[in-house]
Amino acid sequence: MSANTRWAPVPPGSSRWLLPTNPRQAAANSVHIYHPVTVKGLLGWEAARAAAALGGFRLLPGDSAPPMEVTDMLSDNAIGYRSLAVAKANHPARFLVLLLDGSWHRTGVAKMAFDEQGRVALRKEATAIAEATTVLTGHIRPPRVESVADGLLVLEPVDWLPRVAPWRLPGEVARELGAYSKVASAAGGPDGYAAHGDFAPWNLLRTRDGWVLLDWEHSSRSRPPFFDLWHYLLQAHSLLGRPSTRALVEALKERRGWVRTAMVEYARGCERQPEEVPNFFDDYIRASADQLAGKSENERHGLSARTRLQRQITGLQG
């Protein structure tokens with residue numbers, strides 16, 4: 001790591017992202033640690049990348065350095081890099097680190113955990129990625145694993161493309177994930193359907209040759225049918241505002257729209273009928289309760305949105 005590199009929080013005053021301010025090539029590439037899923041976020045990301053490329057990050061206040069536990073873990077596991085960007089994860093004692101090589105190109109993304117719960121989650125994610133790699137062979141795939149150690153999972157840097165409407169679930173992705181839920185569950189036993197577990201717009205990256213699905217730590221082979229479908233739609237609905245309640249309800253009433261298309265394609269993939277989708281909404285709510293404990297503002301907002309939608313769906317079923 002270059003001794004002359006300076007790091008600063010971006011945006012100023014933030015405690016979430018710590019990015020190199022120099023050289024400008026490193027600064028410009030470091031903003032890829034953030035994946036925007038809103039119009040505001042995308043505009044901010046583009047502006048930050050342009051400013052960094054012009055050397056504007058040198059003007060940012062602050063003279064910080066990456067946390068010592070982060071650099072020590074990389075050193076202890078012989079993970080090479082010249083510079084890096086650091087993001088605090090949503091969970092305590094966890095970090096996401098973007099690694100840059102001698103030419104300031106992205107060479108890897110390191111997920112780190114310094115608590116036992118986090119270390120268990122990373123081990124589970126590494127195993128789930130290995131299993132999913134053998135099943136997902138079409139337009140969608142998990143990221144490649146570069147290195148695994150206790151509390152450390154290094155993944156490939158995905159060259160993702162920005163999406164204008166990330167809340168939309170493409171039909172081919174819905175179909176392939178539906179097929180994954182059936183094929184992977186058949187390989188693992190009769191306990192239920194397989195699921196990624198946290199299938200959401202911010203974990204689905206579009207690339208030039210397909211899609212990459214991140215964050216497999218909640219993977220399971222004992223979820224109810226349509227779990228991933230419901231999770232994507234409701235995470236997008238509650239946190240991004242799309243699809244609307246009306247769009248979801250109309251899709252369940254067999255009207256046109258991209259939500260209906262996603263439901264039909266997912267059902268086709270797992271060899272079930274789209275008319276069954278609303279029947280498993282309550283099962284999804286119960287099965288996802290451990291991920292929506294209501295501890296954070298986003299979780300509380302998600303629970304509230306699910307309660308409102310549950311009343312609408314119950315009315316349809318009645």
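This is a predicted model: local features need pLDDT of at least 70, side-chain atom pairs count only at pLDDT 80 or more; totals for chains, interfaces and linings use all residues.

Colleague: Pocket, then. How much space lies in the second largest pocket?

Modeller: About 320 Å³. Its lining has 16 residues, and those nearest the centre are Val10, Pro11, Tyr34, Gly44 and Ala48.

Colleague: Which elements give two or more residues to that lining?

Modeller: β2 (17-20) and α2 (39-53). The largest share comes from α2, with five residues.

Colleague: And what is the lining by class?

Modeller: There are 12 nonpolar residues, three polar and one charged.

Colleague: Changing topic: where is Glu265 placed?

Modeller: In helix α8, which covers residues 258-269.

Colleague: Is Glu265 buried or exposed?

Modeller: Buried, because its relative accessibility is 11% and the cut-off for buried is under 20%.

Colleague: What does the Glu265 side chain make a polar contact with?

Modeller: With the side chain of Arg268, at 3.3 Å. Setting aside neighbours within four places in sequence, Glu265 is in contact with Gly171, Ala174 and Arg175.

Colleague: Now the sheet of three strands. What is the order?

Modeller: β6-β11-β10, in an open sheet with mixed pairing.

Colleague: How many bridges join β10 to β11?

Modeller: Four, and the two strands run antiparallel. β11 spans residues 210-213, and its Gly210 stands opposite Thr207.

Note on methods:
Residues are numbered from 1 along each chain as its sequence is written. Side-chain values use heavy atoms; hydrogens and water are left out. On a 1 Å grid over the protein atoms alone, a cavity is a set of points where a 1.4 Å probe fits but cannot get out, and a pocket is an open set with protein on both sides within 12 Å along at least five of seven lines; lining residues have an atom within 4 Å of a point. Grid points are joined across faces, edges and corners, and a volume is the space filled by probe spheres set on the points. Ala, Val, Leu, Ile, Met, Phe, Trp, Tyr, Cys and Pro count as nonpolar, Asp, Glu, Lys and Arg as charged, and the others, Gly among them, as polar. Buried means under 20% relative accessible area, exposed over 50%, partly exposed in between (1.4 Å probe, protein chains only). A polar contact is a pair of N or O atoms within 3.5 Å; within protein, one must be able to donate a hydrogen and the other to accept it, and residues adjacent in sequence count only if both atoms are side-chain atoms. Contact means heavy atoms within 4.5 Å. Two strands pair if DSSP finds at least two bridges between them.
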